[in-house]
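Reader: Hi! Could you walk me through this one?
Author: Happy to, have a look first.

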Amino acid sequence: MRNILALLVGCLAGAAVGTAAVGQCVGTNLIEALPQDNRARIEAAVADVPYHRGLLWQASRGDAVITLVGTYHFADPRHQRMMDRLEDILSDAQALYVEAGPEEEARLTRALSDDPTLMVATEGPTLPERLSAEEWQTLSNAMADRGTPSVMTAKLRPWYVALMLGVSPCMLNAAQAGDMAGGLDHLLTDRAGELGVPVRALEPWDTVFTLFADLTPEQELDMIRASLTAASHADDYAVTLTDAYFGGDVWTIWEFGRFDAYQNSGLSKEAVDQQMEFAQTQLMDQRNESWIAPLEQGADRAAQAGKGIVAGFGALHLPGDRGVLRLLEDRGWQIRRLDG
C-alpha cells in the first residue's frame with residue numbers, strides 16, 4: 001500500500017536536448033529543450049523566491065535543532081547520496097518526522113479496503129457525462145496507458161484521476177509491480193526503523209481525502225483538464241522534474257509547470273493561475289503551516305535530551321514566503337543550508 005499512498009500524495013507535481021532515465025523510465029528534459037529566452041523567464045520567476053535552491057537544511061533555535069530534507073516520493077538510485085549524508089544525523093536523532101508514517105499508511109490501507117467510495121463515486125453523473133466527448137476520449141486513452149480501463153475511469157473521483165495523470169505510465173507500472181519503495185521518504189522511514197529512531201507523522205492519515213473536499217464540481221473537472229495535455233508526455237515530465245530535483249532547483253519545478261501550462265494546456269492564463277494558486281494553497285501552504293507546531297514541539301523535546309530531530313517531506317514544501325523554512329525563520333529559527 002505504500003506505493004498507492006505515494007501516488008495519492010503525489011510526487012513533485014506531475015542546452016542540448018537529450019534523454020535521461022528515472023529508474024527504467026526514459027524521456028527528454030523539457031526545461032533543457034526550451035529556447036533560452038523561455039528558460040530565462042523561468043529563472044526570473046524563481047530568482048526572488050526564498051530558499052528556492054537546496055534540499056538539505058538545518059533550523060536551530062537555542063538548543064533545538066531540526067534537520068530538514070526535501071524528498072522525492074519515487075524511487076531513484078540518486079537517493080543514496082542523500083541517505084549517506086544523513087546517516088549520522090538520523091542515527092543520533094530523537095525522532096524522524098514525515099508526512100505519513102507506517103501507522104498512517106496502515107490506516108489508509110484499511111480505509112480504502114473497507115470503503116471503495118473514497119476513490120470511486122457510486123452516484124451522480126460519470127466523467128464521460130461531465131466532460132466533452134473529446135476530453136473524455138483523451139482522458140480514457142491516458143488512463144488506459146496507466147492500466148485503468150475506461151469503464152473504471154468513468155466512476156473514479158476527479159481528484160484521483162488528476163493525480164494519476166501526473167504520474168508517468170512507466171513509473172506507475174513500477175509502483176504496481178512493487179518497485180516504488182525506494183522513494184526518499186520510505187528510505188528514511190525504513191532506516192529509522194533499523195536504527196530504532198521513532199517515526200512521527202506530520203498530518204493525519206486521511207489528509208489526502210480532505211485536501212480536495214471543498215472543490216466545486218467545475219474545479220474538479222478543471223483539475224483533470226489542466227493535467228490532460230501533459231499526460232501524454234508524462235515520461236518527459238518525470239525526467240524533467242527529477243533532474244531539477246536532484247540539481248536542487250526546487251522552485252524551478254513549480255515555475256516550469258506554470259510556464260508549460262500557459263503554453264500547452266489550452267487553458268487561459270487566468271485559469272492556469274487559478275489552478276496554480278489553488279494547488280499551492282491547498283497542497284502546500286496550508287499543510288506547511290500545520291506542520292510548524294509539531295516540528296517545534298518535537299525539536300524542543302529532543303533538545304531536552306541533547307538531541308535533534310530530522311524532518312523529511314516533499315521538496316516543494318521548503319521554499320517560498322509560506323514555505324516551511326520561511327515559516328520557521330519568522331518564528332525565530334536560524335536557517336542554514338547544508339548542501340550548498
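**A helix pair and a sheet**

Author: The crossing of H6 and H8 is left-handed, meaning that the near helix is turned anticlockwise from the far one by less than a right angle. Helices (H or I, at least four residues) and strands (E, at least two) are DSSP runs, numbered from the N terminus. This is a predicted model, where local features need pLDDT of at least 70, side-chain atom pairs count only at pLDDT 80 or more, and totals for chains, interfaces and linings use all residues. Residues are numbered from 1 along each chain as its sequence is written, and side-chain values use heavy atoms, with hydrogens and water left out.

Reader: At what angle do H6 and H8 cross?
Author: Roughly 60°, with the axes of H6 (residues 133-145) and H8 (residues 158-165) coming within 10 Å. Axes are lines fitted to C-alpha atoms, for helices over the stretch in contact, and angles run from 0 to 180 degrees between N-to-C directions.

Reader: Which residues in H6 and H8 meet?
Author: Leu139, Ala142 and Met143 of H6 meet Val161, Met164 and Leu165 of H8; contact means heavy atoms within 4.5 Å.

Reader: New topic: in what order do the strands of the open sheet come?
Author: The order is S6-S5-S7-S4-S3-S8, with mixed pairing among the 6 strands. Two strands pair if DSSP finds at least two bridges between them.

Reader: Why is one side of S6 and of S8 left without a neighbour?
Author: S6 (199-201) and S8 (334-337) stand at the edges, so each has a single partner strand.

Reader: And how do S3 and S4 pair?
Author: S3 (residues 56-61) and S4 (residues 64-71) are antiparallel, over 6 bridges. Leu56 stands opposite Val69 in S4.
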